[in-house]
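Welcome! Please take a moment to look over the protein shown here before reading on.

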Amino acid sequence: MPTVQHAIDVAATPEDCWRVFSDLSTWTRWFPMLRKIDGELRAGGRLRLGFAAGPANFPVDVTIEEYRPRELVRWVGGKLGVRGDHYYSFAVNNPGTTRVTSRECFSGLGARLITGPIFAKLDGETHRSMERFKALVEAAIA
């Protein structure tokens with residue numbers, strides 16, 4: 001089961017991180033593979049994520065399974081035989097520093113295709129998204 005996980009320490013409180021994360025309009029700025037997002041970030045909420053697939057958007061519908069503001073958001077969903085179970089967590093690492101973790105496990109028949117260059121691209125984009133998120137949060141509180 002392919003899994004992509006990255007963590008980064010952000011020089012901000014969980015509240016500061018949550019303020020940026022919970023503003024869905026910022027997501028395409030810190031995760032450019034995501035071209036569009038619609039829905040509500042709440043317990044039981046549904047999101048439609050429009051990912052870049054060449055020149056077109058590839059929509060994926062997810063349902064929020066766990067929702068604890070300033071701590072954790074976890075959703076599940078998928079398309080074309082791939083199911084993703086994804087969470088973002090926010091935890092105090094040191095005073096004034098929040099460890100933000102993104103973890104997604106893929107399952108289903110289509111998940112077997114997430115190997116080699118496809119996995120490397122997804123892993124790299126996720127890593128860079130965490131760096132962009134950190135920069136966005138730290139700039140917002142500067």
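The report below goes from the whole chain to a few elements and residues.

## About the model

This is a predicted model, in which local features need pLDDT of at least 70 and side-chain atom pairs count only at pLDDT 80 or more, while totals for chains, interfaces and linings use all residues. Residues are numbered from 1 along each chain as its sequence is written, and side-chain values use heavy atoms, with hydrogens and water left out.

## The overall picture

Let us begin with the fold. The protein contains seven strands and three helices; here helices (H or I, at least four residues) and strands (E, at least two) are DSSP runs, numbered from the N terminus. Read from the N terminus, their order is β-α-α-β-β-β-β-β-β-α. With a radius of gyration of 15 Å, close to the 14 Å that the globule rule gives for 142 residues, the protein is as compact as a globular protein of that length. That radius is taken over C-alpha atoms, and the rule is 2.2 Å times the number of residues to the power 0.38. Along the principal axes, the C-alpha atoms fill a box of roughly 45 × 30 × 30 Å.

Of the 142 residues, 42% count as buried. Buried means under 20% relative accessible area, exposed means over 50%, and partly exposed lies in between (1.4 Å probe, protein chains only). The accessible surface is about 7,500 Å², and carbon and sulfur atoms hold 54% of it; these areas come from the Shrake-Rupley method with a 1.4 Å probe, and for residues only the protein chains shown count as cover.

Among contacts with a separation of 6 or more, 46% are between residues 24 or more positions apart.

## Helix α1

Helix α1 covers residues 14-21, and six of its eight residues are buried, so the helix is largely enclosed by the rest of the structure. Its buried residues are P14, D16, C17, W18, V20 and F21.

Beyond its neighbours within four places in sequence, D16 is in contact with V137 and I141.

Next come three strands, where two strands pair if DSSP finds at least two bridges between them. Strand β5 (residues 72-79) runs antiparallel to β6, and eight bridges join them. One of the paired residues is K79, whose bridge partner in β6 is V82. The β5-β6 hairpin has two residues between the strands, and L80 takes a positive phi near 55° there.

On to strand β7 (residues 97-107), which is joined to β6 by 11 bridges and is antiparallel to it. Y87 stands opposite R103 in β7. This pair of strands also forms a hairpin with two residues between them, and G96 in the turn has a positive phi of about 85°.

Is S89 buried or exposed? S89, which lies in strand β6 (residues 82-94), has a relative accessible area of 18%, so S89 is buried. Not counting residues up to four places away in sequence, S89 touches E71, L72, R99, V100 and T101.

F58 lies in strand β4 (residues 56-68) and counts as partly exposed, at 28% relative accessibility. Setting aside neighbours within four places in sequence, F58 is in contact with L49, G50, F51, A53, K79 and L80. F58 and R48 are 10 residues apart in sequence, with 9.9 Å between their C-alpha atoms.

Technical notes:
Contact means heavy atoms within 4.5 Å.
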